[in-house]
Amino acid sequence: KQAENRSIDESCQPIIEAGLKQGIETAWERLEKQKPQCGFGQLGICCTNCDMGPCRIDPFGNDPQKGVCGATADTIVARNLIRMLATGAAAHSDHGREILEVLYEAATDKADAYTITDVEKLKALADEYGLATDGISTKDLAKALSLKILEEFGTIKGKLQFYERLPEKRKALLNKLGIAPRSVDREIVETMHRVHMGVDNDYINLLTHGLRTALSDGWGGSMMATEASDVLFGTPSPLSSQVNLAVLKQDQVNIILHGHNPILSEMIVNAAMDKDAVAKAKAMGATGINLAGMCCTGNELLMRRGVPIAGNMLNQELAIMSGAVEAMVVDYQCIFPAIVDVAGCFHTQVISTASKAKFPGATHMEFEPHSAVQTAAAIVDQAIENFPNRKKDRLCIPNNPADWTAGFSVEALLKALGGSTDPLLDAIKSGQIRGAVGIVGCNNPKVKHDFAHVRIMERLIADNVLVVGTGCAMIAAGKAGLMMPESAEKAGPGLKAVCQALGIPPVLHMGSCVDCSRILVLVAALAKALDVDISDLPVLGSAPEWYSEKAVSIGSYFVASGVTVHLGLSPRILGSKAVTSLLTQGLESVVKASFFVETDPDKAADAMIEKIDQKRKALGI
Ligand code: BF8
């Protein structure tokens, strides 16, 4: 039963078994072929930054202890880590910039397919940015706001507006440390500068700037992506949908929307409802067109449109191996290059859409905001045309999609709470809710697929800890049945009562990975209401199965914001005792939060509960 060792997601196990029989290579096989993975790389002590190298440090204290330039293990490990972090921050922030550009184009009639859906949020943001709103048309306001926010990618005024959302105590601390982000691009560029040979060689100085770069993502690029997406497509509110590979339909044209940016996929949702397209699908022998999301494009579409999700990161190849996918449409981030090879074994067309993310072997249909409607229609048409090529004898579609609810934006949560955070705080103070953990991040084939996520969540909710989250972690929770109001039955008595009173599940889906910014806004609101720092709250973050450079940035901006973060896999830092000790202990005295690594989900849950209880004690509750 190799499939059961690989994944707890029952919807994908038959497909894994079928793939093994057919000899189709997936991430699990590729991980095996990489073993043993390079020990120097794992410890972070391999430096490939310049052409005097590659250099590596002997981990046992023998020679060499320095690279050709003289860089020590501490310097190399710190440089490698913040280089990862900067890549992750750049990925989130560049995504944010693209959404803002579309908002600007929508406002200036260059992309008339896009409308401004949440005018209330637009006005609130304009107000936050000090723009006059009275008597200004929605489009003019959207134009002024998008320009104002876009300017913050490279501003010379030295501050980001959303940074002002932090509670005063946290802001004062970060200002004192000199790590308030100055602009989004600047911190990323400065990281790239610092890691060049002969620039920053002080691991403390490097890591401190890493935190600043991460803050420019969390309170900058990612938050901009979330807010601009809400303005364009609507702020999420609770809704029901379905999840796992069984959302694929035997008798319909299946199109999977995979990646991160909702700009084109929102248009594809519209195109798939077009009468002519549906009629053509029927003429081709299908009963209709079925859309399913994957990864964070999926989360974006789920949160606002209720589109079902086929799976998370490790489901991507398996979805194609169902034999039922006519097109997998990809934008960018977390898309295995290998999906093109897997698609080659079936009839699936992989359609790339972003100029900055091409996949050799895929069909490229480039997205431009002004022609989004036509591109979306052409993509849907291509998928319909591909339906007759499906090989019926190779279909392997599981049964039983799981029901779930999503759409818990901060606005929606506040609404459910009657307009203020007080009921939530009262429940925390009374101990009905012991604390909260934000569980976020990826899948990683080094961990049994979804296992760590689900085990930790089950343990936490049983101990009355509310779970909120984003990304692939939430897709794992949905597949495991933790996201229905009835899932409250799996919670401890206090949390169960609160969930039942509010009609919410004990695990709240807050969106895609850029929507981790929603969690930041939530913890900031709780801290402000209690007039404490975020680090005083009984809350933690956790990334049980992380793999991505984006996760390095997310974990770091949570820590810099005062939230201690659990990691289920160690980052590649163990080659430097100094870096390891700073990140897991030293940071506590600097930003009053730190990282801890625990690979065993049960021990991780125990440690989180213990830390929550310590915070409660310190608060006197
Ligand atoms: O941005 S959780 S595997 S899909 S990086 Fe990627 Fe990780 Fe999934 Fe979303 Ni986030």
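This is a predicted model: local features need pLDDT of at least 70, side-chain atom pairs count only at pLDDT 80 or more; totals for chains, interfaces and linings use all residues.
Strand β5 (residues 289-294) is mostly covered, with 6 of its 6 residues buried. As for partners, strand β4 (residues 253-259) pairs with β5 in the parallel sense over 6 bridges. Within that pairing, isoleucine 255 has leucine 291 of β5 as its bridge partner. Strand β6 (residues 309-311) also pairs with β5 in the parallel sense, this time over 2 bridges. There, glycine 293 sits opposite isoleucine 309 of β6.

The largest nonpolar core holds 213 residues, and Leu103, Ile255, Ile268, Val380 and Val523 are the ones that touch the most other members. Take valine 380 as an example: leaving out residues up to four places away in sequence, valine 380 touches Ile255, Ile268, Ala271, Ala272, Ala277 and Ile289.

Strand β11 (residues 435-439) pairs with β14 in the parallel sense over 4 bridges, and alanine 436 stands opposite valine 539 of β14. Strand β15 (residues 565-567) and β14 pair in the parallel sense too, over 3 bridges. In that pairing, alanine 543 has leucine 567 of β15 as its bridge partner.

Zooming out, the protein is divided into domain 1 (80-233), domain 2 (245-394) and domain 3 (405-619). The centres of domain 1 and domain 3, taken over C-alpha atoms, are 23 Å apart. Contact between these two domains involves 33 residues of domain 1 and 33 residues of domain 3. On the domain 1 side of that contact, α5, α8 (168-177) and α10 (203-233) each supply at least two residues. The biggest share of that side comes from α10, with 14 residues. Sorted by type, the residues on the side of domain 1 that touches domain 3 come out as 19 nonpolar, 10 polar and 4 charged.

The ligand brings domains 2 and 3 into the picture, since the shell around the ligand draws at least three residues from each of domain 2 (245-394) and domain 3 (405-619). There are 15 residues around the ligand, and Cys296, Cys334, Cys442, Gly471 and Cys513 come nearest. The elements that give two or more residues to this shell are α13 (295-305), α20 (471-479) and α23 (549-560). By type, the shell splits into 8 nonpolar residues, 6 polar and 1 charged.

Threonine 470 is found in the loop between β12 (465-469) and α20. Threonine 470 has 27 other C-beta atoms within 10 Å, so this residue counts as buried. Valine 440 is 30 residues away from threonine 470 along the chain, yet their C-alpha atoms are separated by 5.1 Å. Not counting residues up to four places away in sequence, threonine 470 touches Val440, Met510, Gly511, Ser512, Cys513, Asp515 and Cys516.

Most residues other than glycine have a negative phi, and most peptide bonds are trans. Against that background, a cis peptide bond joins lysine 35 and proline 36, with omega about -5°. Proline 36 lies in the loop between α3 (27-34) and α4 (39-43). Aspartate 63 and proline 64 are also joined by a cis peptide bond, with omega about -5°, and proline 64 is found in the loop between β2 (55-56) and α5. Glutamine 333, although not a glycine, has a positive phi of about 75°. Glutamine 333 lies in the loop between β7 (327-330) and α15 (339-344), and counts as buried because 23 C-beta neighbours fall inside 10 Å. Aspartate 450 has a positive phi as well, near 75°, and lies in the loop between β11 and α19 (451-462). With 26 other C-beta atoms within 10 Å, aspartate 450 is buried.

How values were computed
Residues are numbered from 1 along each chain as its sequence is written. A nonpolar core is a set of buried Ala, Val, Leu, Ile, Met, Phe, Trp, Tyr and Cys residues joined through C-beta atoms within 7 Å. A residue is buried if 20 or more other C-beta atoms lie within 10 Å of its own, exposed if 12 or fewer, and partly exposed in between; C-beta atoms are placed from the backbone. Two residues are in contact if their C-beta atoms, placed from the backbone, lie within 7 Å. A residue is near a molecule or strand if its C-beta atom, placed from the backbone, lies within 6 Å of it. Ala, Val, Leu, Ile, Met, Phe, Trp, Tyr, Cys and Pro count as nonpolar, Asp, Glu, Lys and Arg as charged, and the others, Gly among them, as polar. Domain bounds come from an automatic or database domain assignment. Two strands pair if DSSP finds at least two bridges between them.
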